[in-house]
Amino acid sequence: MILFYSDEVNPRIEYIAKLIFANILQTEIAFTQNSAEFRKSEIPKINYSHEKFGDEFYIKPHKLIFQNALIKPTINSVWYEGEKYFCETSKDSDLPFDPFAASFYLVTRHEEYVDKNRDKLGRYPYQNSILSKYNLLQKPVVNIWAKLLAKLLKEKYPEFNFIESKFKFISTIDIDNAYAYQNKGFFRTTAAWAKSLIKGNRQDTLKRKRVLAGKESDPYDTYAYLDSVFAGNEDKVKFFFLLGDYGRYDKNIAHTNKEYRELIKRTAEKYDVGIHPSFGSSKKKGKKKVKLEKQRLEEIIGKSISKSRQHYLRLKFPKTYTRLIKAGIEEDYTLGYSAQPGFRGGICTPYCFYDLKHESVTNLKIIPFNIMDGTLRYYLQLSPERAFEEIKKIMQEVKNVGGTFVSVWHNETVNDLGTWEGFRDVFEQMNKLGFEWANK
């Protein structure tokens, strides 16, 4: 148990203190605004106010924690143990930076509310994030700070106890395009065939012909292979299916297609499945599409769906999460960058979304991801060998703090063909190591 004092326990303070102590350190926390009660207490305690009383553990709060207006705050950097952090405190504080305010800034994605810069697909660029600027994007700093607080509190209060959390591993597969050639319908197939002929892509034309004639398997049909990799660890796997209407960025098989529906049913019998809300659902006119696409998936598998990940990782605060909540989504796996691996919110522990516009905690749980196949191959242009080293490095960071490592792959990227040659081995090594660590 930890006693947490502040002369104003506002929603921000209560939220972030519970996240650090209850969620990450798995210890009980009690709040008080009564200074006399706090001073008399003999249990482990933190004074988070503008006045230090005695020899209690003390941190002077950064002004961010008391702000209500959604404006860009003034945040100064501070060095601690060779790392550059932010949200400077006072000289009499037990830390030179405020880990509560800094953590709140990161996990709520405050910077994404006030920074309007976006890439061509409407996504927040990682280069603009404070973690990228401070070279901390590959560090789960919120978890690291939580463990630092626990260490310092243990030194001051030997009776203080917390639970060391265990490493968890979740392997996720996005089905953006279930098949390369099959089940596309007459018009799409004819158009694609014509396009290949016009471009003189003889190899694609011949391959399409062999697949459609049943002489060769579809290059995106990797589902039996995925089953072999996941065998015995199905509880640590999630599939996300795109069921949006056809569009420029939504080119999956029609949700009415018999074979696609059978594929989804078979998958749902073995694994946890979720909806992959379409690109169209994140547009201004797409308010009702998330619910519609979720209902399509529920109708196919015959049970309710509570999990999602946005197609193309289109995530806008707080609009995206508000839409998901209204559609009945309880867990979202979108938080991460397409162009860089690491920790978009500085955290590798699932946590509840805090809506800054309404200054309130929601029931939507955010499960951040750490690594994506396209990041390694397209953005970083890594060889298979270097890609696995990058994965292992990030996974080790998560293991060090007992966090949850989440990967994103696609059915077509594990086919070991073309640009993805060699990456099947990377996928296998990642899962083997992740399952091994998680099952210890």
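**A loop lysine and its surroundings**

Reply: Happy to. Lys-120 sits in the loop between helix 4 and helix 5 (130-133). Please keep in mind that this is a predicted model. With a relative accessibility of 83%, Lys-120 is exposed, because the cut-off for that label is over 50%. Lys-120 is also a member of a positive surface patch, together with Arg-248, Lys-251, Lys-283 and Lys-289.

Staying in this loop, Asn-117 is found between helix 4 and helix 5 as well. Asn-117 has a relative accessibility of 47% and counts as partly exposed.

Now for the backbone. Most residues other than glycine have a negative phi, and most peptide bonds are trans.

Start with Arg-109, in the loop between helix 3 (99-107) and helix 4 (110-114). Arg-109 is not a glycine, yet its phi is positive, near 60°. Arg-109 is buried, at a relative accessible area of 0%.

Next comes Glu-359, which belongs to the loop between strand 12 (351-355) and strand 13 (360-366). Glu-359 also has a positive phi without being a glycine, here about 50°. Its relative accessibility is 18%, so Glu-359 counts as buried, the limit being under 20%.

Pro-318 lies in the loop between strand 10 (307-308) and helix 12 (319-326).

Lys-45 is in strand 3, which covers residues 45-47. Lys-45 is buried but makes no salt bridge. The nearest side chain of opposite charge belongs to Glu-56, 6.3 Å away. A salt bridge would need a nitrogen-to-oxygen distance within 4 Å. What the side chain of Lys-45 does reach is the backbone oxygen of Phe-38, at 2.9 Å.

To put the two lysines side by side: Lys-120 is exposed and belongs to a positive surface patch, whereas Lys-45 is buried without a salt bridge and has its side chain at 2.9 Å from the backbone oxygen of Phe-38.

Terms used. Residues numbered from 1 in each chain as written. Predicted model: local features only at pLDDT ≥ 70, side-chain atom pairs only at ≥ 80, totals over all residues. Heavy atoms only, no water. Helix = DSSP H or I, 4+ residues; strand = E, 2+ residues; numbered from the N terminus. Buried < 20%, exposed > 50% of the residue type's maximum accessible area, 1.4 Å probe, protein only. Patch = residues over 30% accessible without salt bridge, like charges linked within 9 Å, V, L, I, M, F, W, Y side chains within 5 Å. Areas by Shrake-Rupley, 256 points an atom, 1.4 Å probe, with all protein chains shown as cover. Lys, Arg positive; Asp, Glu negative; His and termini not counted. Charge placed at Lys NZ, Arg CZ, Asp CG, Glu CD. Polar contact = N/O pair within 3.5 Å; in protein donor to acceptor, adjacent residues only side chain to side chain.
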